[in-house]
Amino acid sequence: MGRSWGAPARGTRLQRGRCRSMEDDAPVIYGLEFQARALTPQTAETDAIRFLVGTQSLKYDNQVHVIDFDDENNIINKTVLLHQAGEIWHISASPADRGVLATCYSQAADSKVVTCAAVWRMPAELEPGGQESPEDAASPAHALELLCLLEPAARGSTACVAWEPAGDGKRVVSLADSHILLWDLEGSSSQATLASSASLEGKGQLKFTTGRWSPHHNCSQVATANDTAIRGWDTRTMRVWNVRYNHSHDQLVLTGSSDSRVILSNMVSISSEPFGHLVDDDDLSDQEERRLEEKSQEPPQDSVIATYEEHEDSVYAVDWSSADPWLFASLSYDGRLVINRVPRALKYHILL
């Protein structure tokens, strides 16, 4: 049995999903007490499968759920951290420090509600290698520690915060209305300095909805979305570029939508290796050469691989595990978190 992160929170629901086929494993479903739409893997943790989920409650203090998944036994263990700043609309984790995360949260200011962004640290006893957490999830030891605010001044509400994926956790990008802002984090992330910025240009009142920093191209490029358009930015010059998704196999694309479905697509047209991993012909055996020739005769095409329908409400967040590139999680507004895997047939087709 996996290590426990603390006693179960009030209202926790955990159940097995229905198996779609005899070959693929059944999904594991975990229920939160509150509504939720913010999900991220704990990026700096590459040994354990761990996700962070942020809740949305107008009546009670909001929470960050730390979800540990025991892949061998299909068991979820978790702990709950208090996030008293407000409803969490977006959450992201530092790629270098397992105890640091960023949230975008709603807050009342000057008779209106705005979405702010901040960098936080988990309690030391809850970080991997620390002592077991106390059973009382409402104790002060379980509150997140505020490190710094990412204040966009008059630039509007912040939609999301994206970390530089291959760095030391000292650079982040925030999206505030129609502005993209590059921040340098200093002094153990206790201070944020605005390094550069750019604006989204076009007709109407354009606003960013989400974004992600690409681990390719020397980590210099960021993909953003506004309404139905996807754009790219070079952090050196803020130019437009193409988009990527899975960190190990970038043809694998996840989408979640208001129809409560999660769709896994094979987008070879945007892949950095549309024909698979290329190797030297001298290193191939005769059998491998024949297999490669057969595979190359099949023209690569974009396609929908699988549709997942374990959710009953709008799916606002999907993300890949940082420890297992074949495992992903999705989160719907009713607080249901579902962990799924890439079908084995596709996994072996990519690897072989």
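The model is predicted.

Three strands were examined together. The 3 strands form an open sheet in the order β18-β19-β20. Their pairing is antiparallel. The edge strands are β18, residues 252-256, and β20, residues 303-308. Each of these edge strands pairs on one side only. From one strand to the next, the twist averages 20 degrees. In general, strands of a sheet pair through backbone hydrogen bonds, and the pairing is either parallel or antiparallel. Strand β19 spans residues 262-266. It is joined to β20 by 5 bridges, and the two run antiparallel.

The cysteines were considered next. A disulfide is a covalent bond between the sulfur atoms of two cysteines. The structure holds 0 disulfides. Distances account for this in the two cysteines described here. For Cys116, the closest cysteine sulfur is in Cys104, 9.2 Å away. A bond would need the sulfur atoms to be within 2.5 Å, so the sulfur of Cys116 is too far from that of Cys104. For Cys160, the closest cysteine sulfur is also in Cys104, at 6.3 Å. This distance, too, is too far for a bond. Both residues fall under the 20% cut-off for burial. Cys116 counts as buried because its relative accessibility is 19%. Cys160 counts as buried at 1% relative accessibility.

Attention then turned to a loop. Met122 lies in the loop between β9, residues 112-121, and β10, residues 145-149. Is Met122 buried or exposed? Its relative accessible area is 3%, so Met122 is buried. Met122 and Arg98 are 24 residues apart in sequence. In space, 8.6 Å separates them, C-alpha to C-alpha.

Tyr348 belongs to helix α2, which covers residues 344-351.

Notes:
Residues numbered from 1 in each chain as written. Predicted model: local features only at pLDDT ≥ 70, side-chain atom pairs only at ≥ 80, totals over all residues. Heavy atoms only, no water. Helix = DSSP H or I, 4+ residues; strand = E, 2+ residues; numbered from the N terminus. Buried < 20%, exposed > 50% of the residue type's maximum accessible area, 1.4 Å probe, protein only. Pairing = 2+ DSSP bridges. Axes fitted to C-alpha atoms, helices over the stretch in contact; angles between N-to-C directions.
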